[in-house]
2 protein chains.
Amino acid sequence: MSMTSRRSFLGAIATACALLAGCAAPVRSADPLPSWSEGAAKQSIVAFVAEVTRDGTSGYVPPADRVAVFDNDGTLWSEQPVYVQLAFALDRVKALAPQHPEWQTQEPFASLLKGDVAGALAGGERAIAGIIMATHAGTTSEEFAAIVKDWLATARHPVTGRPYTGMVYQPMLEVLDYLRANGFKTFIVSGGGIEFMRPWTEQVYGIPPEQVVGSSIKVRYELRDGKPVLVRLPELDFIDDKAGKPVGINQHIGRRPILAFGNSDGDFEMLEWTTAGEGPRLGVIVHHDDAGREYAYDRKSHIGRLDRGLDEASTRGWVVISMKNDWRAIYLPATALHATH
Amino acid sequence: MSMTSRRSFLGAIATACALLAGCAAPVRSADPLPSWSEGAAKQSIVAFVAEVTRDGTSGYVPPADRVAVFDNDGTLWSEQPVYVQLAFALDRVKALAPQHPEWQTQEPFASLLKGDVAGALAGGERAIAGIIMATHAGTTSEEFAAIVKDWLATARHPVTGRPYTGMVYQPMLEVLDYLRANGFKTFIVSGGGIEFMRPWTEQVYGIPPEQVVGSSIKVRYELRDGKPVLVRLPELDFIDDKAGKPVGINQHIGRRPILAFGNSDGDFEMLEWTTAGEGPRLGVIVHHDDAGREYAYDRKSHIGRLDRGLDEASTRGWVVISMKNDWRAIYLPATALHATH
């Protein structure tokens with residue numbers, strides 16, 4: 001093929017790609033992970049993708065089985081100083097307070113409304129469950145999605161002042177793109193609420209609602225003025241954390257992933273389940289060791305505690321990413337932020 | 001553009017399509033629904049697809065929102081004289097009987113083992129639940145998938161003598177292909193067991209496990225000899241039928257479909273939920289009125305009862321397909337059967 005006809009052939013492919021929906025991006029020759037430092041962590045990811053996509057070799061995995069799962073809080077975006085969903089719930093308590101005069105004297109709401117978050121959360125899991133049910137139930141699914149989107153549009157992280165969707169990790173966005181360009185289907189498997197994530201994951205991560213697995217409360221189908229709605233009930237349905245993660249994966253995805261990214265011991269069983277399968281497998285832990293650019297926490301943190309995972313990663317062959325050393329950048333560049341907000 | 005350059009451009013697109021994974025098939029000029037008679041039913045489907053894919057018009061729906069849901073039993077394959085999954089369960093009772101000597105005297109198993117199916121099922125829902133739990137729980141998810149596949153490879157329909165996967169409706173396979181070629185994502189939403197369907201839906205319908213929604217029993221993650229497994233428990237998790245279908249759609253898909261196919265009143269709420277949304281919507285009911293080539297049943301059937309749906313289809317604008325008049329063929333041609341069995 002002459003240079004000219006080759007160029008025109010590639011041009012036609014590019015044109016065809018632009019014309020035909022769903023056309024996979026051609027593999028780029030430029031570095032697909034520019035925010036990653038050259039080192040063992042990046043090399044493990046690139047080598048794994050090369051192995052499973054090399055047709056005709058023993059490590060080859062057909063595209064249908066290239067399932068990659070990602071925890072969300074602390075893996076795809078920041079989870080400190082409190083989970084974003086908890087910040088949302090606290091703001092919702094304030095917004096809903098006028099409709100709930102009884103909250104002025106009723107815990108954990110009374111403490112919250114006085115600005116005493118620590119006092120409110122001193123009630124432990126029961127207090128948190130009470131806050132979640134009061135702020136996440138009672139609306140229809142569509143109303144709830146709109147409330148989440150409205151909140152994300154204006155809420156700001158207490159330390160960086162960024163919108164929360166600007167607290168996603170640039171290196172992980174590159175991994176998501178890189179995997180999809182290599183035929184992977186990317187899923188979120190999070191302890192967070194499934195209906196808290198779905199309104200924005202497609203825009204922010206390129207992950208559509210049907211590829212988001214999370215915790216849930218029960219929902220009831222009913223007619224209101226002849227119009228069908230799904231009503232969110234103050235009743236727990238499923239906790240997608242720890243041993244619940246492989247169960248959630250089984251329920252929603254129905255096949256075992258070959259690649260899993262997590263950051264805490266809540267992801268341990270997901271990593272274990274993923275990497276215990278046959279053929280090439282990769283388990284990756286994002287280690288928060290960057291107090292300067294993000295946060296540094298692991299064995300003793302109340303949020304995103306990582307203890308057993310650190311102990312066993314090496315014997316299990318899981319890759320531990322140092323945010324400090326392996327990531328050149330942490331967050332989306334500010335220019336990208338302006339484009340979406 | 002000259003004819004020659006146009007032809008070479010189309011040729012380059014076709015070549016690019018062949019080279020690039022995930023490239024959408026170009027719209028075919030040949031009839032995409034050859035097993036459908038020309039008539040109002042076929043016309044409704046074709047007109048709907050044309051409307052939602054015509055960019056720049058008010059009816060246009062972006063590919064991400066082109067979600068189509070299909071009931072399985074009686075909509076994609078035959079459900080008479082008994083649901084395929086019940087035939088599976090009855091065969092499993094026989095296969096497991098040597099490990100359960102107590103079944104010789106314990107109902108509904110005793111009647112079943114004597115060949116008295118009607119007597120066994122006389123115990124109603126409780127008897128059926130007992131049979132399902134005894135035959136669907138107690139294994140790991142992977143073991144259960146293998147059992148289902150092995151059974152389907154040898155079991156035969158009592159009337160046609162065909163393998164059950166040869167009892168899928170050729171006109172519906174064409175609809176699935178046609179929709180996917182037009183950017184739709186196709187999902188099964190069935191009252192049947194999610195883990196009974198997933199082992200074979202990808203091969204038979206082109207629908208991957210993560211796009212199958214169904215009823216489920218609970219599953220527990222545990223280690224056996226240090227190896228993680230998911231154990232199926234004799235405890236109901238979710239019934240994906242009637243008002244459960246919109247709930248299952250919400251839980252698994254997370255957005256409202258624009259197109260739904262069903263065949264019984266168990267699909268009523270799914271059709272209602274789908275067609276109550278804004279923009280173009282299509283609800284379709286497959287009416288079993290072909291006693292010669294398949295079965296004829298509706299208002300009085302114990303399986304696949306269709307009563308309210310028939311009453312309200314016309315006022316709700318749902319299309320009712322007459323299998324007798326609208327379908328030129330019912331099942332896969334025998335030649336296609338040989339290719340897969």
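How many nonpolar, polar and charged residues does the lining of the largest cavity have? In this predicted model, that lining has four nonpolar, two polar and two charged residues.

The count comes to three cavities of 30 Å³ or more, and the largest cavity holds about 40 Å³ of space. Its lining draws on both chains: Arg256(A) and Trp273(A) contribute, together with Thr140(B), Ser141(B), Glu142(B), Pro228(B), Val229(B) and Leu230(B). In chain B, α7 (141-154) and β4 (227-238) each supply at least two of the lining residues; β4(B) gives the largest share, three residues.

Over all chains, 28 aromatic pairs are found. Two of them are set out below.

| Pair | Centre to centre | Angle between planes | Arrangement |
|---|---|---|---|
| Tyr169(A) and Tyr331(A) | 6.1 Å | 20 degrees | stacked |
| Trp273(A) and Tyr221(B) | 6.2 Å | 85 degrees | edge-to-face |

The tyrosine pair links distant parts of chain A, 162 residues apart: Tyr169(A) is in the loop between α7 (141-154) and α8 (170-181), and Tyr331(A) is in the loop between α13 (323-326) and α14 (334-340). Both tyrosines, Tyr169(A) and Tyr331(A), are buried.

The other pair joins two chains, because Trp273(A) lies in helix α11 (residues 268-275) of chain A and Tyr221(B) in strand β3 (residues 212-224) of chain B. Trp273(A) and Tyr221(B) are buried.

Trp273(A), one of the cavity-lining residues, also has Arg256(A) over its face, at 3.6 Å from the ring centre. In chain B, the charged end of Arg256(B) sits over the ring of Trp273(B), 3.6 Å from its centre. Elsewhere, ring pairs link Phe88(A), Phe144(A), Trp151(A), Tyr164(A) and Phe196(A) into a cluster.

Terms used. Residues numbered from 1 in each chain as written. Chains lettered and ligands numbered in written order. Predicted model: local features only at pLDDT ≥ 70, side-chain atom pairs only at ≥ 80, totals over all residues. Heavy atoms only, no water. 1 Å grid on protein atoms, 1.4 Å probe; cavity = no way out; pocket = protein on both sides within 12 Å on 5 of 7 lines; lining within 4 Å. Points joined across faces, edges and corners; volume = space filled by probe spheres on them. Helix = DSSP H or I, 4+ residues; strand = E, 2+ residues; numbered from the N terminus. Nonpolar A, V, L, I, M, F, W, Y, C, P; charged D, E, K, R; others polar. Phe/Tyr/Trp six-rings, centres within 6.5 Å; stacked < 30°, edge-to-face > 60°. Buried < 20%, exposed > 50% of the residue type's maximum accessible area, 1.4 Å probe, protein only. Lys NZ or Arg CZ within 6 Å of the ring centre and 35° of its normal.
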